[in-house]
Structures are given as structure tokens and as C-alpha cells.
Amino acid sequence: MSLEKDIESFVKSLDLELYEISVAKDGEDSIYRVNVLSTELVDGKKRGVSLDECVHLSRLISPLLDVTPPMSCDYRLEVGTPGIERKVSTLKQFVLSVGERVSITLKSKEKYKGLLLRVEDSSICLEVDGQEICFEFSQISKAKTYFEW
């Protein structure tokens, strides 16, 4: 089993979803970042992930990384959420973002902002100004969620 699959098993054991695993640099430090989301609805909205859940998950993952280091250099483990405004770059991330507002730029340079209604196979459907617009995932140049203040 791969390291990512093992981490995903720990995440799911806490009723959370793995959003992404990434590696970042902070000066000389390397950071192995595990971002998670909750898909549980509270009052019709996705609930957040608590600090206690992140700490618990970090304690579950850390021994695994001691046995199977994810990097050949020294690193710091960070477990958190990707934030309310985050990049969306995979089909899985689109699925996890259904019900949220997204800003999408297509490869043709067209831009759309609206509510992410659903993901069907590789088709992404938004509600933009009261109209449903769908396009293929392969047409997307970049996308991110956004919050209307």
C-alpha cells in the first residue's frame, strides 16, 4: 500500500476527506503538508475541521512517517485544512468542493464564477447568474474556491 493510501485511511477513520498532500519549502525547512476537509453538513453547510482533529490526525500519521519517511531530507509535518479559499486542481478536489463558490479560468481564457453544482465523470457544472454551465475538466486552466464577504 502506498504512503498516500495509508494516510488517507487515517483521515477517513476520523470521518474526514484527504484534500491534498504537498511538499513546501519555508526558507531552509521542508514541510510535508497534509490538508483535510470535512464533508459533514451542519445547518446545510460543510462543517470545519477542528484543531483537535488536526492534532489527533498528526499523532496518527507521525509514526507512519517515522517508518516510511516521505522525503529523503529533514522535514516538518503540518496537518491542517486547505482554507476557505483554495486552489482546485483535481477532479477529486472538485467533488469535495461541490456546494461552494468557485472561480474558473478555461484554457480559452474565458472566466466563470459561480456555485459548483456537481461533477459528473469529467464534466464540471456551475450555476452562473441563474444559468447552469457545464464544461469538461480538461478545458480548465485554473480554478479556486472563493468566499463572498
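Mentor: Two strands count as paired if DSSP finds at least two bridges between them. Strands (E, at least two residues) and helices (H or I, at least four) are DSSP runs, numbered from the N terminus. This is a predicted model, in which local features need pLDDT of at least 70, side-chain atom pairs count only at pLDDT 80 or more, and totals for chains, interfaces and linings use all residues. Residues are numbered from 1 along each chain as its sequence is written, and side-chain values use heavy atoms, with hydrogens and water left out.

Trainee: How many bridges pair β8 with β9?

Mentor: β8 covers residues 123–128, and β9 covers 131–136. V128 stands opposite Q131 in β9. The two strands pair in the antiparallel sense, and the number of bridges is six.

Trainee: Which strands are the edges of the five-stranded open sheet?

Mentor: The order is β9-β8-β7-β6-β10, with antiparallel pairing. An edge strand here pairs on one side only, and the edges are β9 and β10 (140–145).

Trainee: In the three-stranded sheet, which residue of β2 is the bridge partner of A24?

Mentor: That open sheet has the order β1-β2-β5 and mixed pairing. Nine bridges join β1 to β2 (residues 29–37), and these two run antiparallel. The partner of A24 is I31.

Trainee: At what angle does helix α1 run to β1?

Mentor: Axes are lines fitted to C-alpha atoms, for helices over the stretch in contact (heavy atoms within 4.5 Å). Angles run from 0 to 180 degrees between N-to-C directions. Helix α1 (residues 3–13) lies across β1 and β2, and its angle to β1 is about 125 degrees.
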